[in-house]
Amino acid sequence: MNALDSAVQNKIDQWLNGSYDEETKAEILQKLEDEKFDELTDAFYKDLEFGTGGLRGIMGVGSNRVNKYTFGVATQGLSNFLKKQYSGQDIKVVIAHDCRNNSDVLSKVVADVFSANGIHVYYFDALRPTPELSYAIRELGCQSGVMLTASHNPKEYNGYKAYGADGGQLVAPHDKMVMEEVQKVASVDEVKFDRNDDLIETIGAEIDEKYLDELVKLSVSPDAIKRQKDLKIVFSPIHGTTLKLVPDVLERFGFENVITVEEQMKPDGNFPTVVYPNPEEKEALDMSLEKAKEVDADLVMATDPDGDRVGIAVKNMDGEFVLLNGNQTGSLLINYMLTALEQAGKITGNEYIVKTVVTSYIIDRIANAKEVECYNTLTGFKYIGELMTKLEGKKQFIAGGEESYGYLIGEHVRDKDAVISCAIIAEMAAFYKDQGTSLFEALLDMYVEYGLFREDLISVTKKGKSGAEEIQKMMMNFRANPPKKLGGSQVVIVKDYQTSKEKNIATGEITDIDLPGSNVLQFITEDGAIVSVRPSGTEPKIKFYCSVNAKLMSPEDYIQVAATLDKRIQVMIEALKS
């Protein structure tokens, strides 16, 4: 590109002539002088907007970047919403941030704007994990909260997640109402940046204590832990927010042999020891695995920067460490919780679990076999939290999870919680070791009982303005021309979550899907394979979730059957890409 279109130029002019600091203006002028037109277009062609995870973007100057002005506008809009929604009430919010670069500075800006709007701010004294923010909103009786994080995105990113009074991320209709209020903030001149110190209250250790006390109550197998207290656990926070809370909760559960990856125990927004701080990536666990081999550990756990996701590794039958994916860990967790509660005589028939429509359907089978209700929600943990709030006081939530390594056990928060997940994963390992087996063997036994499910997620990245248009076009094409076959098997059902309709291809029968509209398509084949397609709400990606399953007669057949299923997934992926 060798010039700027008029809309981008107008937006740039607004920033150059508006109430922005001189440093910001100087950076824009320098980029104009250097003719960095592609960079400027991407930074100014639109305003950062709320997706499934709130605001998230690359830090820098521009309306489509994370900076004090875009966060200021977002907070002014959220303040305006809160003052309308809770008119006449004393409004209170909680602010927390993770280890990312600029998070401490940006969180102060958010606190400034809330307080300038007459809103009482509880401000965490240092970095804290996302689930603790959710807990604090509920514990302190707040109407809202903001978490500054970009989860597991690369170091260039930061983000802003807005929460409601139940401690869950904003959902309909409030999410759209906040978006509208943010859009109504016509210029940065409407943002109140003048901090009111009288309305800002620092919180910290006292909330940590209450939160940890709640987690300890969720232990189901304390006796197994007593016998297996020397279970050797390697843990890493990958430079993030769980560096203190996870070792603390493991100690309180009764584990006495927790070894931390020292090089990753220091909070650092540059994540110097990893390429991406994402526990879904093997590379992010390399240092943990090295440490585990060195000390001959039983279990490896590593959390993402804001402490809401966890990746784990266990020893296979040959004594080698293997990484479990999010579906495997989530299935094991739910199977363990239901089994242990069943053995303790604590299943009454009023319990339920929740997962998303793209998370392994082995969980549905497990719940069905144990006569516990299993709900499926749209993708995004905010929908799980929303359902929990709806059923609060009516049914007992046991656990929930997503394939993207985020789980929750217990009702203390309304978001993914890697702190309690680490504690229960360790307890689960102790439970099976106490029975003379292991987590990996428990996984194989689960597959023999309920079927071997294999899943894979393929993300295709399409950056910038043209990328967003390309993703839109791909979704339109899938709707207009759904695949007739996948992996050699006939597509028999097409679910379109945008129109909330399910179509039986053979009979033409159309039934309603009882979920809010969402840009997700699902293709189900004759042999039980499921392919889900959706654009990411937080990144410039289109995602393909593939799931296949087959009967597993014995653990010895696992490698062979898994390989056959993986080939089927590859065939399906090639068909989708073509």
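**A walk through a predicted model**

Visitor: What are the ground rules here?
Guide: This is a predicted model: local features need pLDDT of at least 70, side-chain atom pairs count only at pLDDT 80 or more, and totals for chains, interfaces and linings use all residues. Residues are numbered from 1 along each chain as its sequence is written, and side-chain values use heavy atoms, without hydrogens and water.

Visitor: Is Q228 buried or exposed?
Guide: Buried means under 20% relative accessible area, exposed over 50%, partly exposed in between (1.4 Å probe, protein chains only). Q228 has a relative accessible area of 16%. So Q228 is buried.

Visitor: Which residues is Q228 in contact with, leaving aside its neighbours within four places in sequence?
Guide: Contact means heavy atoms within 4.5 Å. By that rule, the partners of Q228 are F255, A430, K433 and D434.

Visitor: How many aromatic pairs does a search of the whole structure find?
Guide: Rings of Phe, Tyr and Trp (its six-membered ring) pair if their centres lie within 6.5 Å; planes under 30 degrees apart count as stacked, over 60 as edge-to-face and the rest as tilted. Across the whole structure, the number of aromatic pairs is 16.

Visitor: What kind of aromatic pair do Y336 and Y432 form?
Guide: Their centres are 6.4 Å apart, with 65° between the planes. Y336 sits in helix α12 (residues 326–343) and Y432 in helix α15 (residues 418–434), 96 residues apart. Y336 is buried at 0%, and Y432 is buried at 8%. The pair of Y336 and Y432 is edge-to-face.

Visitor: How many residues apart in sequence are the parts tied together by F478 and F523?
Guide: F478 and F523 form a tilted pair, 6.2 Å centre to centre and 50° between the planes. Both are buried: F478 has a relative accessible area of 12%, and F523 has 0%. F478 lies in helix α17 (residues 464–480) and F523 in strand β21 (residues 521–525), so the pair ties together parts whose separation in residues is 45.

Visitor: How many residues of helix α6 are buried?
Guide: Helix α6 covers residues 130–139 and is mostly covered. Its buried residues are T130, P131, E132, L133, S134, Y135, A136 and I137.

Visitor: Which residue just after α6 takes a positive phi?
Guide: The angle is about 65°. The residue with this positive phi is G141.

Conventions
Helices (H or I, at least four residues) and strands (E, at least two) are DSSP runs, numbered from the N terminus.
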